[in-house]
Structures are given as structure tokens and as C-alpha cells.
Amino acid sequence: MQHPTRDEIQQSLTKCGLKATHQRIVVLEAVAELHGSHPTAEDVFQRLRPANPTISLGTVYKTLDTFTETGLLRRVVSEGGSKRYDANTMTHSHIYCSKTKEIVDFEDDELEQLLLKFFSERRLENFEIKGFSVQLTGCKVEPDKKISITRVSK
Ligand SMILES: [Zn+2]
């Protein structure tokens, strides 16, 4: 995936009604650079610190919360309870490895359709569904190899 340019980052901030301050720009930039890994606030902090030594971890936490509230980022809670951030705000699911703590995106229209069908046939009382995400939890069989999904057709 290609990283967004500074202009694109500025645009997404203003689109969400946020002032494009230097701080917000560098935090969002770091999240975008770490994208595939679903970084924690500490990961984001470590990433931007060399070029931005005056930004504190507290500021990074606060900025990430603001981004989550405005819908710029999605929060992913992993098994250990650590908060991770996701720049992919489209409906998608995750595969979580409890051994390596990796979180891998899992996008599958068929799964989405299945879930939509499932909930349209079972009425949830007093609850409005705004989105869903399936999280598969397990362990990589070979920790050095990448997680991949292969469709086996019958
Ligand atoms: Zn994700």
C-alpha cells in the first residue's frame, strides 16, 4: 500500500473537521507508515520521535483518541487488552496471533454478506448495528511465515 502524501493527510484532517496542526499531521503520518501492523500508541510514538523530539507520548495518545472519535482511525482491541489503531476504517475483520501479537486485515465480501444475512434473519432487540468485525484469534503455526488466506473451493 502506498503511503498518503502530506497534502492528502492534511485533507483528511480538514475533511473530519480537525485543524491540520503539525502534531496531528505527524501522528497521522506515522500511523499511515505503520499501517499494516495496527500500531499501538507507543509504536506511533517511537516512529515519529526521531524527527519530532518535542512530542510526548501523552500527546500521541490524546491525538489518536481524537482521530478515533472523528472516524479517521478505528481502534482495535487485541487479546491482551492493548489498544491498537487501524487506518483502514472500512468494514473488515482481523486475524490475531497471540504468539507474535500480529494483527492482519481480513477483508472478505462473502463473510460480510453472510453476517448481514444472519442478522437480517435474527432481530436484535433494542440495538442498532452500525458495523461489525470478526476477530480470529489463534497462533501462527510457523512464526516466521506470513499469514495468508487461500480459498479452497469444493
Ligand atoms: Zn485492520
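Let's start with a pair of helices: α1 and α2 sit roughly perpendicular to each other, because angles of 65 to 115 degrees count as roughly perpendicular, and theirs is about 110°. Keep in mind as you look that this is a predicted model. To find the pair, look for residues 6–15, which make up α1, and residues 22–33, which make up α2. Their axes are 10 Å apart, and α1 passes α2 in a right-handed crossing. On the α1 side, the touching residues are R6, I9, Q10 and L13, and on the α2 side they are R24, I25, L28 and E29. Sort that contact by class and you get four nonpolar residues, one polar and three charged.

Now zoom out for a moment. The protein has five helices and five strands. Walk along from the N terminus and the elements come in the order α-α-α-α-β-β-β-β-α-β. The C-alpha atoms fill a box of roughly 55 × 40 × 30 Å, taken along the principal axes.

Back to the helices, then. When two helices pack, the angle between their axes and the distance between the axes are what describe the arrangement. Helix α3 covers residues 41–48 and helix α4 covers residues 57–69. Their axes come within 9 Å and cross at roughly 120°. That angle makes α3 oblique to α4. The crossing of α3 and α4 is right-handed. Which residues make the contact? They are A41, E42, V44 and F45 from α3, together with L57, V60, Y61 and L64 from α4. Here the contact has seven nonpolar residues, one charged residue and no polar ones.

Next come the strands. In a sheet, strands pair through backbone hydrogen bonds, and they can do that in a parallel or an antiparallel way. Strand β1 (residues 74–77) and strand β2 (residues 83–86) run antiparallel, joined by four bridges. Together β1 and β2 form a hairpin, with five residues between them. In the turn of that hairpin is G81, which has a positive phi of about 90°.

The other three strands to look at form an open sheet in the order β4-β3-β5, and the pairing is mixed. At the edges stand β4 (103–106) and β5 (135–138), each with a single partner strand, so one side of each is left without a neighbour in the sheet. Neighbouring strands of this sheet are turned by 20° against each other on average, direction ignored. How do β3 and β5 pair: parallel or antiparallel? Strand β3, residues 93–97, pairs with β5 in the parallel sense, over four bridges. If you want a spot to check, find C97, whose bridge partner in β5 is G138.

Finally, let's see how the protein is divided up. The domain assignment gives domain 1 as 1–89 and domain 2 as 90–154. Taken over C-alpha atoms, the centres of domain 1 and domain 2 are separated by 23 Å. How many residues of each domain are in contact with the other? There are seven from domain 1 and nine from domain 2. On the side of domain 1 that touches domain 2, the residues divide into one nonpolar, four polar and two charged.

Definitions and conventions: Residues are numbered from 1 along each chain as its sequence is written. This is a predicted model: local features need pLDDT of at least 70, side-chain atom pairs count only at pLDDT 80 or more; totals for chains, interfaces and linings use all residues. Axes are lines fitted to C-alpha atoms, for helices over the stretch in contact, and angles run from 0 to 180 degrees between N-to-C directions. Helices (H or I, at least four residues) and strands (E, at least two) are DSSP runs, numbered from the N terminus. Angles under 35 degrees count as roughly parallel, over 145 as roughly antiparallel, 65 to 115 as roughly perpendicular and the rest as oblique. A crossing is left-handed if the near helix is turned anticlockwise from the far one by less than a right angle, and right-handed if clockwise. Two residues are in contact if their C-beta atoms, placed from the backbone, lie within 7 Å. Ala, Val, Leu, Ile, Met, Phe, Trp, Tyr, Cys and Pro count as nonpolar, Asp, Glu, Lys and Arg as charged, and the others, Gly among them, as polar. Domain bounds come from an automatic or database domain assignment. Two strands pair if DSSP finds at least two bridges between them.
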